[in-house]
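I opened this entry to record what I looked up, beginning with the pockets and then turning to a sheet.

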Amino acid sequence: MLKSIFISVLLVTAFSFLSPAQIDSKRQWNMYRGNYASGWLDKAGLPETWDVKSGENIAWKTEIPGLGHSCPVVWGDKIFVTTAVSENDGDDIKTGIYGSIGSVPDSSVHQWKVYCLDKETGKINWEQTACTGIPEQKRHPMSSHANCTPATNGEYVLAFFGSEGLFCYNMEGQLQWKKDFGVLKSNFFLVPDAEWEFSSSPLIHKNRVIIQCDVDTNSFVAAYDIKTGDEVWKKNRDEFPGWSTPNVYSDGNREIVAVNGYKHRGGYDFETGEQVWRMAGGGDIPIPTPVVGDELVYFNSAHGKLSPILAVKKTASGDMILNEKGIASDHVEWAKLRGGAYMGTMLLYDGFLYNARWNGKLSCYNALTGEEIYSEKVGSGNSYTSSPVAADGVLYIADNDGVVYRVKAGPEYELLGKNKLHEVCMSTPAIAEGYLFFRTSQHVIAVSASEK
């Protein structure tokens with residue numbers, strides 16, 4: 001009897017030890033837009049329709065207090081999301097396309113929180129309050145004080161709250177380390193008083209955390225040891241405030257950190273932080289994240305005279321300048337001077353590059369040549385800040401009113417259908433095997449087929 005009990009305990013312990021190693025890291029939605037911001041996951045088995053009100057194909061719906069535009073991330077059976085909870089109940093947001101640049105006058109005390117949810121049930125496994133206080137920065141009426149999407153590698157969870165700091169937890173919610181970078185003033189560069197709050201998300205690559213902080217003064221990009229928080233390297237940047245998340249690619253000889261920007265779009269050596277290449281010019285409020293292909297890295301931005309889409313070779317080096325006459329460089333495969341998105345990160349999927357703009361216009365390009373294949377308005381929404389994602393030949397695009405459009409992937413535009421979340425949706429959804437997760441203004445909603 002004792003022997004059988006011992007064997008049973010041993011087997012349970014062994015399987016518990018092996019289970020993290022059995023998780024395929026490439027199929028985890030572990031940062032903003034998934035694995036290295038790719039934005040897609042095939043063999044996901046998602047339902048075509050769902051209904052939040054009736055519960056059809058809705059696995060669960062968990063309320064998240066406060067206001068946050070950070071996207072959910074997934075690792076194994078855990079989902080992580082952040083929020084900022086005000087002592088006042090005035091966490092309203094104003095959607096739509098409008099010209100207001102002013103900030104929300106809010107001096108209430110906030111709590112910045114990290115939540116861990118169970119993937120199958122939506123139950124809150126744990127929550128941690130990272131910090132409490134009055135926000136160092138104001139936010140735009142469309143923004144929140146928890147814009148940065150967390151990142152995880154299955155061992156650590158990183159939550160970045162801008163001026164409130166960078167926090168590292170283990171998977172059980174125990175704080176490992178934190179870093180304070182002072183005030184990261186994220187404002188409109190022409191009107192310093194127009195504060196819009198920080199929004200660049202952390203990236204985990206190998207044993208390091210990469211952050212990009214393009215702000216009003218003292219902009220930088222840096223790498224930190226994920227276990228200790230110790231600085232590995234830090235490089236100052238001469239840059240306007242931006243809201244883009246970095247990415248990583250390889251040129252065949254070394255790994256390079258890709259950053260979007262206006263004065264300083266470019267690449268940094270992952271090991272040393274030394275600049276590899278740099279390009280100036282483009283949209284002067286850069287928000288979208290670089291997207292990595294087989295041989296090219298894709299950038300887009302908007303605002304100002306130009307709204308470019310750029311396909312830069314992974315072997316790029318040196319300095320380049322983009323202006324109204326274009327760009328003369330052997331390091332750029334192709335470029336469009338106008339048509340880039342202000343908010344949305346592009347989607348590279350099955351040889352096509354999709355660019356979704358704030359007004360709902362979706363453009364499809366041949367990823368290798370830049371040939372525009374189509375440009376169509378998706379649905380009837382007024383504004384779209386969520387970036388497109390894809391699974392099994394279907395693109396998912398959500399408007400700010402919470403209508404999710406299903407578009408057929410490929411060279412011909414076809415709207416396959418739409419489903420309503422019945423809540424404001426500003427964030428990009430996450431995909432896991434069998435699940436599609438949406439962060440709305442009040443909940444995390446799990447869409448999943450009733451019969452898997």
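Which strands each supply at least two residues of the lining of the second largest pocket? I noted first that the model is a predicted one, and then I found that strand E16 (247-250), strand E20 (291-292), strand E21 (296-300) and strand E25 (347-349) each do so. Among the strands, I wrote down E16 as giving the most to this lining, with 4 residues.

I then looked at the second largest pocket as a whole, which holds about 530 Å³ of space and is lined by 23 residues, with Trp40, Val292, Gly293, Asp294 and Leu348 lying nearest its centre. Sorting this lining by class, I have 12 nonpolar, 7 polar and 4 charged residues.

Next I turned to the largest pocket, where I noted about 730 Å³ of space and a lining of 33 residues, of which Ser199, Trp243, Ile287, Met343 and Thr385 lie nearest the centre. This lining divides into 14 nonpolar residues, 18 polar ones and 1 charged one.

Last, I followed an open sheet of 4 strands, which has the order E29-E30-E31-E32 and antiparallel pairing. Strand E29 (389-391) and strand E32 (415-420) stand at the edges with a single partner strand each, so one side of each is left without a neighbour in the sheet. Neighbouring strands here are turned by 25° against each other on average, direction ignored.

Within this sheet I checked how strand E30 (residues 394-398) meets strand E31 (residues 403-408), and I found that 5 bridges join these antiparallel strands.

Terms used
Residues are numbered from 1 along each chain as its sequence is written. This is a predicted model: local features need pLDDT of at least 70, side-chain atom pairs count only at pLDDT 80 or more; totals for chains, interfaces and linings use all residues. Side-chain values use heavy atoms; hydrogens and water are left out. Two strands pair if DSSP finds at least two bridges between them. Axes are lines fitted to C-alpha atoms, for helices over the stretch in contact, and angles run from 0 to 180 degrees between N-to-C directions. On a 1 Å grid over the protein atoms alone, a cavity is a set of points where a 1.4 Å probe fits but cannot get out, and a pocket is an open set with protein on both sides within 12 Å along at least five of seven lines; lining residues have an atom within 4 Å of a point. Grid points are joined across faces, edges and corners, and a volume is the space filled by probe spheres set on the points. Ala, Val, Leu, Ile, Met, Phe, Trp, Tyr, Cys and Pro count as nonpolar, Asp, Glu, Lys and Arg as charged, and the others, Gly among them, as polar.
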